[in-house]
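Good morning, and thank you for joining the meeting. Please turn to the sequence and structure that I am about to show.

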Amino acid sequence: MPSGLSRRLFRFKGGVEPDTHKAESSLTPIGKAPLPSRLILPLHQSVGACATPCVRVGETLLKGQRIGNADGWISAAVHAPTSGKVVAIEDRPSAHASGLPTLSVVIEPDGLETWVERAPLDVTARSPDEVRKALRDAGIVGLGGAVFPTHAKLTAAKSTAIDEVVINGAECEPFMSCDDLLMRERAEDVVRGASIFRDLLEPKRVLIGIEDNKPEAARAMRRAVEALGFDFEVVVVPTRYPTGAAKQLIRVLTGKEIPSTRRSPEMGVQCFNVGTAYSAWRFVALGEPLISRVVTLTGNVESAGNWETLIGTPFEEFVALGRPKPDTERFLMGGPMMGFEIPDLSAPVVKACNCVIAASSSLFPPPPPEMPCIRCGACAEACPHELLPFELYRFSRAQKFDKAVELSIDECIECGCCAYVCPSRIPLVQYFRFAKSEIDARRKEKAKADATRARIEQRKAREERLKAEKAERLAAAAVKTSGAGGGDGADAAKKALIEAAVERARLQREAHPPKNPETPASVEAAEKTPDPAVNPGDATR
Amino acid sequence: MENTDNVFIAVAVMTLGAAFLGAALGWASERFRVEGNPIIDQIERALPQTQCGQCGYPGCRGYAEAIADGAPINLCPPGGEAGARKLADLLGREIPTTGVAEKPPQFAVIDENRCIGCTLCIQACPVDAIVGAAKQLHTVVGSICTGCALCTAPCPVECIGMKTIPETLDNWKWKSPVFQIRRVA
Amino acid sequence: MDFISPPYLSRNASVRSVMARVLFALLPGVAVYACLIGPVILLQIAIASATALAAEAAMLKLRGKPLRPFVTDGSALVTAWLIALTFPPIAPWWLTAFGALVAIVIAKHLYGGLGQNPFNPAMVAFAACIVSFPALMSQWPSLTLETRFIDQILAVLGVSKELDALTSATPLDVLKTALRLAPGTPIAETLSDTKIHGFIGSRTWECVAAAYLLGGLWLLRCKVIRWHAPTGFLAGVVALSAVCWLFDPGRFAPPLFHVFSGGVVLGAFFIVTDPVSGCASAKGRLIFGFAAGILAYTIRVFGGYPDGVAFSVLILNLCAPLVDLMTRPPVFGMKKK
């Protein structure tokens, strides 16, 4: 059995070492959160397209029944976490920094917890594509917080074989301990889940990375790997935030640096969270879709701990489990480095929610007023992506977004290391988020403007062509009427007229060449009706 | 005598220097000459392509040509402040002090109860964003609509209204901390 | 309840703590200076600090900025101390005050205040004063005569009648003058006068420099400054002085002499390390420091001024944005293999 110590580890530049505060929540075993009075299931719970609802208001649901179908490949299904009745399908506050409403299915539990028919998935009997599709329909997404649909990560790049599958048990965010507890208590299921990923990706090695502040989890995982007889390597990595970010962990374990312009399989590596592996195994072994997850509840509470929580549990009911202290001012979703304040506690726990922290001003003192940047360079040293945050800050603040892009603001993972070390206490992450969302909006705008311009050119070309063709028809008709009463001379004149019209049309066509191969089709469509009442087919695209 | 020599040498050096630099400039202007007038294309690309004509010129292309001829750069409401700044950067001009006409992004909505299916709006739409047929209900494809409002005037039953695009999770943006600080202060 | 931007945790660093550590690191130097040269330096520091703080407060008021956070951030004090330590200790009070005014009003606030100044304010003050008052800026307390504290005080107050008796040129100046007056004399002979030149650099000043070095090393240890700029600067001075010395030991002083005389050590740890006006990347700081070191030696040995640190730093301040642009480090995943 290869031990973690034998493996050569790499370092990523930057990173910080905040107090971990993990002990508070990792002392008690994972509890089972009680059934809430109401479950709210946003249909958009993964990266990619929003799931389309497939139930109706008033319908009775069984536990594990699908309520939203994946829409396309980069999308994932959503399921009923318990049996009960659909009481509404409407916009509800989201578990998002904005708190903006999002289409959700509201379920009133009947308390019976009647399961739908569950059947284990025989992976060996199915083709890889069928397994991927099944995972998509089971709603399995990355539970590290990014909620990228897992099935979409289970295809190797065409050009490169996968060398390493990295199982991410680093859990670098302070306060958080859900992955820690999961590995301690359910190590074998996590390892079996990893074996599903291995079977689909066929890597040379499977590396399980765990930070050295979780020795118990590492021991449990080693035992599980040994017990199951897999050749996975459990690698203990130094505790350093953000080792748990996929790219940083890949760097530490394999030495590979994945730029934002490439996907990790192209470099022969893919990374999954331990929670994802666990839920994938639950689905394959028991036929249970993703309807619950382990959520850490910690911070300014009487009893911190981890709870196996149904997706859709409203935050207000969930946080009550920890009995928040009276001076709690706000609740954060995610860790203290990358998390955000939950604007509305009626929003539900979602698949992306790994941790809820009760925050008070004694736990997280409000920052002093922002001072000017003194270019000390501490942020650049702390940045794990080796960016120059102080320069990005300058350009973001001045809204010189093209300059920020030039300085690779797209590479920023918003890990917060820069703001953590900043002596001027500048909310750098906030500036970068602002700049990035503006840049994103502008890119979208530009794409739309380009598409619009193309449409306008198409329309112009079509109009001119129609005009030319009309002129042609009129000319032909005129010749016909004159030709009926005339002899050979009239015939010649007719021919000349037609030729002239054809020539005119040709010239016009050349002056405005169609920009899009679809244009001829749309012209045909328009031709069939005398009036251009029916628009070209691409209007409905 | 020595003095006049010095003066002579100085004048000669300066003259030669000027001649050399002049020649270099002349050569560079030939060598790196930019063909055509791509500035109009660049301006057009900086415009939002709503083709709404609110600037008073025929479409975005028309406005781009007008700007190249010296028209003010603050006449485009869909582009707003940001668009004017883009033009100002591109052209090295100042944004006129009269401010920029601004309008939140909108899209057209057809009232389905009133539409008579006359196809007039379909003909007016410069981007083919309205679908429908004669005597059939028309509808606007929201994702294509540029919010130019050119379809509202031709409608004989005034069933087309303009709506502001609502803020959703997809288009929500983080705000700049600069403004937060100002608000608190 | 206001919105707080993540991260909610912080290392609790502050501009104030950075500046306080710089001041603390200057203390050994100040102490040795006060003991060996004269306690008058404390008076100079007081004059410079008071003027700088007053100027800072007035400028903040004029610019409509909040007073408290900026006056108490300590940046004006660092500038003031550096001015006091680089000016002659027996410069008249108004000269020190004028220097502090120039530094804070012109070099700092006219460029936008903390974090915006392209030039090191203390060095701007030094350059402005040495150009405007060359005589006063060259009156250093005599190294051969013991001067009484009271005489120094009188000199600072501008009422001393026998100023000339108190003052002499700096060791660097002595060396330069000696070379000019008697071109044939081997440099070792001039340097062997330990009354002026001490054991390595300049008598007493080498002790002050050693104390600065101590403070600088402490700053390095607590990561307030990084090693790149000081190392580059010292390497620049040593490299060029070694080349010259090896080329003609009769005409050029050994590298160690140059490191320990004048403002080289102070410059290396407290001036070229100024983050605002310097380079930001590691490579940039090395280049910045090295080039400043080369320039400082060049100006000191071949130029018309007794020391070259101020001018070399100012010239490199000009180049800093360019150096930063050219030494932009590659981002994660974009490195060339």
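How many residues of chain A are in contact with chain B, and how many of chain B with chain A? Before I answer, please bear in mind that this is a predicted model. The contact involves 38 residues of chain A and 41 residues of chain B. Together, chain A and chain B bury about 3,200 Å², and carbon and sulfur atoms account for 58% of that area.

I turn to the polar side of this interface. Three salt bridges are counted between chain A and chain B. One of the residue pairs forming a salt bridge here is B:Lys173 with A:Glu438, whose closest N and O atoms lie 3.4 Å apart. There are also eleven residue pairs in polar contact across the interface of chain A and chain B, with both residues at pLDDT 80 or more. On the side of chain A that touches chain B, the elements giving two or more residues are strand E8 (101–109) and helix H13 of chain A. Of these, H13(A) supplies the largest share of that side, 17 residues. Sorted by class, the side of chain A that touches chain B holds 14 nonpolar, eleven polar and 13 charged residues.

Next, the interface of chain A with chain C. Here 51 residues from chain A meet 37 residues from chain C. The buried area between chain A and chain C is about 3,900 Å², with 62% given by carbon and sulfur atoms. Which residues of chain A lose the most area to chain C? They are A:Ile374, A:Arg375 and A:Tyr420, which together make up 17% of what the chain A side buries.

The rule finds two of them across the interface of chain A and chain C. Between chain A and chain C, 14 residue pairs are in polar contact, both residues being at pLDDT 80 or more. Several elements of chain A give two or more residues to the side that touches chain C, among them helix H6 (246–254), helix H12 (417–421) and helix H13 (428–485). That side of chain A divides into 30 nonpolar, nine polar and twelve charged residues.

Let me now look within chain A. The domain assignment gives domain 1 (4–299), domain 2 (378–441) and domain 3 (458–540). The centres of domain 1 and domain 2 of chain A, taken over C-alpha atoms, are 29 Å apart. Their contact takes 15 residues from domain 1 and twelve residues from domain 2. About 970 Å² is buried between these two domains of chain A, 57% of it on carbon and sulfur atoms. The count of salt bridges between domain 1 and domain 2 of chain A is zero, while five residue pairs are in polar contact, both at pLDDT 80 or more.

Finally, a sheet in chain A. Four strands form an open sheet in the order E2-E8-E7-E4, with antiparallel pairing. Why is one side of strand E2 (39–42) and of strand E4 (60–61) left without a neighbour in the sheet? Both strands stand at the edges and each has a single partner strand, so one side of each has no neighbour there. E4(A) is joined to strand E7 (residues 84–93) by two bridges, and A:Thr60 has A:Lys85 as its bridge partner in E7(A).

Methods:
Residues are numbered from 1 along each chain as its sequence is written. Chains are lettered from A and ligands numbered from 1 in the order in which they are written. This is a predicted model: local features need pLDDT of at least 70, side-chain atom pairs count only at pLDDT 80 or more; totals for chains, interfaces and linings use all residues. Side-chain values use heavy atoms; hydrogens and water are left out. Contact means heavy atoms within 4.5 Å. Buried area is the accessible area (1.4 Å probe) that two parts lose on being put together, summed over both. A salt bridge is a side-chain nitrogen of Lys or Arg within 4 Å of a carboxyl oxygen of Asp or Glu. A polar contact is a pair of N or O atoms within 3.5 Å; within protein, one must be able to donate a hydrogen and the other to accept it, and residues adjacent in sequence count only if both atoms are side-chain atoms. Ala, Val, Leu, Ile, Met, Phe, Trp, Tyr, Cys and Pro count as nonpolar, Asp, Glu, Lys and Arg as charged, and the others, Gly among them, as polar. Two strands pair if DSSP finds at least two bridges between them. Domain bounds come from an automatic or database domain assignment.
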